[in-house]
Amino acid sequence: MAKIVAGVGCSHVPAIGAALDLGKTEDPYWQRVFSGFEHSKQWIKDLKPDVAIVVFNDHATAFSVDMIPTFALGCADEFPPADEGWGPRPVPVVRGHAEFASHIAQFVILDEFDLTVVNRMEVDHGLTVPLSLMFGKVDRWPCRVVPLAVNVVMFPPPTGRRCYALGQAIQKAVESYPEDLRVVIFGTGGLSHQISGPRAGLINSAWDKSFLDGLTNVEYMREAGAEGIEMVMWLIMRGALDDTFQETYRFYTVPASNTAVGHIILEPR
Ligand code: DHB
Ligand code: FE
């Protein structure tokens, strides 16, 4: 049977992708950020997952404001990197796992979570930057990826409670898949940041750290800025892990562009 062997939380700042792609990782500003992922790159290389379920958000790239699904599961065989205005990132095409993803869609929809099934999607920095941080610069991503896109760009986003419950349903779905797949689930986005409006530049480190401590539901917009709502995606990851999972690694640094970079690894005791 398939099994979730770890959870990873990770920010997705687009400037991190640009720093990697433009060879700026040794600049002191970026060195500080990338240093926090040295441990994690080795850790995930040793872990050798077969599949990563990556909970991420699309930033009006694959979906426009014309149409935004609340939860959309990528069931395609591949997901090309999107052009976000300066050409697609020079990273490999993301290889999906259509059969496993379709199983999750069927199980979770029968469990009354009304996912949208996506059979074609380009993926933006929300998905490719966490992959780059965890896997580094590679010719081919080392595992298959099932993307789960969550609407956090247009009001109303799903609640933290709903996200957590969806994570629990995903765990059951994974464990009812007959093939022995080792699955890691990524919760991505955040931490606190606001890109526009009077509070642009907001970073609330105290709140970020209490989120990392508790991974619990809170008042995202008030405490963490408009874009801090991205943190609900971490709760899907957390919901998919039972109480035997504990924190085995944490990294937190401020700033990276307009946000804090937060990163956590959760593994079974
Ligand atoms: C930034 C962070 C994001 O999550 C994003 O989607 C865009 C920009 C930033 O910090 O600049
Ligand atoms: Fe974002």
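Analyst: Before we begin, a strand here is a DSSP run of E with at least two residues, and strands are numbered from the N terminus. Please also keep in mind that this is a predicted model.

User: In which strand is phenylalanine 79 found, and is phenylalanine 79 buried or exposed?

Analyst: Phenylalanine 79 belongs to strand β4, which covers residues 78-79. Leaving aside neighbours within four places in sequence, phenylalanine 79 is in contact with several residues, including Val93, Met121, Val145 and Pro147. Buried means under 20% relative accessible area, and phenylalanine 79, with a value of 0%, is therefore buried.

User: Which residues coordinate the iron ion (ligand 2)?

Analyst: Along the chain, the donors of the iron ion (ligand 2) follow the spacing H-x46-H-x170-E. Histidine 12 lies in the loop between β1 (3-10) and α1 (14-21), while histidine 59 lies in the loop between β2 (51-56) and β3 (71-74), so this pair ties together parts that are 47 residues apart in sequence. At 2.0 to 2.2 Å, the coordinating residues are His12 (NE2), His59 (NE2) and Glu230 (OE).

User: Which is buried, histidine 12 or histidine 59?

Analyst: Histidine 59 has a relative accessible area of 24%, which makes this residue partly exposed. Histidine 12 has a relative accessible area of 2%, and the buried residue is therefore histidine 12.

User: A polar side-chain atom of which residue lies 2.6 Å from an oxygen atom of ligand 1?

Analyst: Ligand 1 is surrounded by a set of residues, among them His59, His193, Ser257 and Asn258. A polar side-chain atom of histidine 59 lies 2.7 Å from an oxygen atom of ligand 1, and for histidine 193 the corresponding distance is 2.8 Å. The value of 2.6 Å belongs to serine 257.

User: Which strands stand at the edges of the sheet of eight strands?

Analyst: The sheet is open, with mixed pairing and the order β6-β3-β7-β2-β8-β1-β10-β9. Each edge strand has a single partner strand, so one side of each is left without a neighbour in the sheet, and these strands are β6 (116-118) and β9 (245-256).

User: What is the bridge partner of alanine 6 in β8?

Analyst: Strands of a sheet pair through backbone hydrogen bonds, either parallel or antiparallel. Here β1 and strand β8 (residues 182-188) pair in the parallel sense over seven bridges. In β8, the bridge partner of alanine 6 is valine 184.

Key: Residues are numbered from 1 along each chain as its sequence is written. Chains are lettered from A and ligands numbered from 1 in the order in which they are written. This is a predicted model: local features need pLDDT of at least 70, side-chain atom pairs count only at pLDDT 80 or more; totals for chains, interfaces and linings use all residues. Side-chain values use heavy atoms; hydrogens and water are left out. Donors are N, O and S atoms within 2.8 Å of the metal (3.2 Å for Na, K and Ca); water is not among the atoms, so sites may look incomplete. Helices (H or I, at least four residues) and strands (E, at least two) are DSSP runs, numbered from the N terminus. Buried means under 20% relative accessible area, exposed over 50%, partly exposed in between (1.4 Å probe, protein chains only). Two strands pair if DSSP finds at least two bridges between them. A residue is near a molecule or strand if one of its heavy atoms lies within 4 Å of it. A polar contact is a pair of N or O atoms within 3.5 Å; within protein, one must be able to donate a hydrogen and the other to accept it, and residues adjacent in sequence count only if both atoms are side-chain atoms. Contact means heavy atoms within 4.5 Å.
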